[in-house]
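Colleague: I would like to learn how to read the chain interfaces here. Please take me through them.

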Amino acid sequence: MSEVEGKRLATGRINLLFALPALTLFGLFVLLPIGSSVWFAFTKWNGFTTPEAVGFDNFRRAFRDTVHLWSYVNVTLYILGTLVLEVMFGLVIAVLLNSDRFGFGLMRGMFFSPMILSMTAAGVLWTFVLDYRLGLLNAVLESVGREEWTRPWLSESATALIAIMVVSGWRFAGFYMIIFFAALRRIPRNIYEAATLDGAGPVRQFFTITLPLLRASMMTCILLAVTGGFAGFDLFFTLTNGGPFNATEVPATWIIRQGFDNNQLGYATALTVILAVVVLAVALLFLRISERVNVVRY
Amino acid sequence: MWSATERRRPVEWLQFGLGALIVAAMFYPTVWMVLSAFKSNREIFRDPFGLPDEWRWSNFSEAWAQGGLGGLYVNSMIVTLVAVTLAVGCATAAAFAFSRLEFPGRRWLYRLLLIGLLLPPPVVAIPLFGILRDLGLLNTLWALILPGAAWSLSLTVFVMYGYFNSVRPDMEEAALLEGASTWQIFRDISVPMVWPSMLTMAIVNTINIWNELMFALLFITDDDKRTLPVGLIRFFGRYSTDYAMVFAALTITTVPILALYFLLQRHVIAGLSSTAMD
Amino acid sequence: MTTTFRLLGATALTLIAAAASAQTEIRFTHSMTSGGNAAAMDAIVAAFEEANPDITVRQITFDDDVYSDTGLITQLQSNEVPDIYFQWAGFPLARDVEAGYAMNLSEAMADGWADTFIDSAFSSGAGTTVDGDIYMVPLSLDVTNTIWYNTAILEEYDLEAPETWDEFLTVIGTLAEAGETPIVTGNNELWPLGNWASHVAARVVPMADFDAAFRQEKTFADAGFRRPLELMQELHEAGAFNRDMQGLGADPAMAAFFQEAAVMHPIGSWLVGSAGEMAEEGFAYSQFDTPVIDDAAEAPRSAIGTLTGLVVHAQSANPDAAITFLEFLSSPEMQTIWAEGGALSPVAGVEAEIDPQLQAMSDLLANADAMVPPPDTTYPVPVAEAYYQAAAYAASGEKTAEGALTWLDETVAAMGQQ
């Protein structure tokens, strides 16, 4: 990020006032909840009665809770899936739709449109597509004579997570496409023209020019996909709510289930603390790596 | 750059064709949802892919009335409008302060604000519930507006800060020499200058807050204070067998925001291209 | 900062309260949203408001799952508490009493009101009392599970409602062979099959052991839960269930039953209330209770059921108006309306023209040799849920009965004493 480190317009404590509204909102509804909750992680609390201190019991339980441990495996698989089906796919489409010709603007809008639908709408739509008895997908398979391929997509452990990844790709690829597209717009045309004169085809141009110049955007997108993957809750909630048999259980759905379905808010808070630590660690590790990548290349 | 009026070369036709094919597949579920909204329930199952035999506009008025969509719409609009205004306003002022002004703790506070980029909202659902209760905000629209705005701040400040840094402060410095106060500079020079980026973030935040589900599910209990996403989930539960109704309700709630995006997408991309998203 | 916000919030509340002070408003929250029940409740509320012009009743309704997961807890803790709320007897009510949310109604019900209910309504096993004090006005008797079936399809195959488990398996086998889906259940929330599997367990596990296992005093293996899980596995092997059982919701499964996509549907008595809006004209159905599994068991013909009722919030601003409404609601006239809407009234001697299916439910309860409450309203929820999931494992073939049992005891051990 290029920073214009010039003379500051004004100095002094009073200038903090400009940042104060944002900091207040942020402190009250983002930082304070995180900070104040830590204590509940050390209690047994059902949300109704007074919390009762239990030391590290909740954390010990968390590390023996196999569903909880598997939820990290599931979310990792999901994130790997999104890197391909969202980030990579988004990049390919951004390159493909990078044209000023008539119709391309509309196509970019249409590609982005699933992003605008509410998660509820997307969930209902895809439940209908994937339903075993009445679903569109099985109807199509039957109509082309592939009845043996029909299955209850969201009810089998083997397919449920994959189905969610596909829906997730459908929904979010447009978001990454837009980021890559905006970055592509900043690459000067004459670089490509020079490469064309040197006899480089479109595929070689993609790997030798586009990809290296998009490295920074790529890092941003991967960071957003990784942190966004941990934050993903809506899609899982509307499609499977963690089922079948916890096959699509991710930390967020498991925390909500423990906290609100099973009324174990103390335990759920402990799981929350663990999730926060994991996400922060992953993000910091990622930033470290991305800094190193940039240092090595430049 | 290829001129838009020049004749297309074969490779461009290939590009167009391939693009159109993929885009059509991506866009099809949305089209299918809208077409199904015009059918009768029986027709959806009998002929899922065809055009409706008869365009039943009455489905929409029925869904609108049965689902109480009017009230849900108003709530969603209030929440989105207030929260987006709050988020973009606060974030612009903060980004201005972080990039143009000097004060104790400037760098440190900016980094603190970015923590929000790394944490998923479900992480705070439970403690946030307690805080909203203590503030007496539970079950009011403020319970969606304030957290909604707060959770939009990190990304918005991040993008706005990048935008400020990509624009030289020449005009602001000129105003300073003419004796304008910091507030006047912010209001009369900086805000008009970063307007495109503010619009971009307003659209991005509108999409996010309009569709927010989890806070809305947890913090609002009264029927008359619910927002669209929650209302739709309930509507779906109640009409689980009447798909025509469900699709009509979905169409009514989706099409306006879709149209808004198509109208404004040029600005979103312009705002992002000129911003340091990297 | 916090203080300022509190003040702001308080001011806003005062303003709202002032605007509505002309009338006493009772806030009444519940999850009765389906056809018959909702209509009957609306009629009762209308009658009450007519009889008591100075009181209005504001109903705040949720769908079942939202109500029990988040809807109720959010409201109980909010600044505007509901005056009356719907609750399940047993564990949930006892927890509310412990947390100080439920008002003691013993005194209000002392002058004969309590005597208008059926004898068992306030017995120690009913879960409406805590330490001998009444905290709930019973509203409905619910049969938590029975097996509904499509009479036309059963006749088509010359089958009859089974009376023993072996006959049951034969019926399932015949139907499965003919390409029908014998049983549809929408188990993505785990309770639909879980309740039934608990009933099956209570038919073969001695009551004391059943109780000990759910209270974590005995392992499920030692208590004898291998047998019920084996019975679930047997059903799976006979091809009893719909393939998408684990991904399907409870409501879509019921819809599938009414759309004739399956022959049998194990669920509670509330199906009767939904039949009106979900079933096609002329749809013929009936029910049989879970067939006798072991005649030598402690209670071979037990029924699974529970009481639900209404609780007055301890911090209610209008407890008198709330009690007036509840007394009105329990009167024989109102209970007649209530019963005709599709509920089993707990008030003694209510003579309503009820649905024959409902009459059958009533007989089922009367003829049962014991009443088993569903575990998720009797014992700590996580333990109940773990058993429900184990049952789903066995019933879907995801694990063997043995594997499900091992998983169950390990899971319960890992969660610590609840």
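Modeller: Start with contact, which means heavy atoms within 4.5 Å. By that rule, 23 residues of chain C and 19 residues of chain B make up their contact. This is a predicted model: local features need pLDDT of at least 70, side-chain atom pairs count only at pLDDT 80 or more, and totals for chains, interfaces and linings use all residues. Residues are numbered from 1 along each chain as its sequence is written, chains are lettered from A and ligands numbered from 1 in the order in which they are written, and side-chain values use heavy atoms, with hydrogens and water left out.

Colleague: How many residues of chain A and chain B are in contact?

Modeller: Chain A brings 100 residues and chain B 107.

Colleague: What area is buried at each interface?

Modeller: Buried area is the accessible area (1.4 Å probe) that two parts lose on being put together, summed over both. Chain A and chain B bury about 9,500 Å², with 77% on carbon and sulfur atoms. A:L9, A:F18 and A:R101 supply 10% of the area that chain A buries there, more than any other three residues. For chain C and chain B the area is about 1,800 Å², 52% of it on carbon and sulfur atoms.

Colleague: Which helix supplies the largest share of the side of chain A that touches chain B?

Modeller: Helices (H or I, at least four residues) and strands (E, at least two) are DSSP runs, numbered from the N terminus. Helix α1 (residues 16–37) of chain A gives the largest share, 17 residues.

Colleague: At what angle do α7 of chain A and α1 of chain B cross?

Modeller: Axes are lines fitted to C-alpha atoms, for helices over the stretch in contact, and angles run from 0 to 180 degrees between N-to-C directions. Helix α7 (residues 157–184) of chain A and helix α1 (residues 10–37) of chain B cross at roughly 110 degrees, their axes coming within 11 Å. Angles under 35 degrees count as roughly parallel, over 145 as roughly antiparallel, 65 to 115 as roughly perpendicular and the rest as oblique. So α7(A) and α1(B) are roughly perpendicular. In α7(A), A:G169, A:W170 and A:A173 meet B:M26, B:P29 and B:T30 of α1(B).
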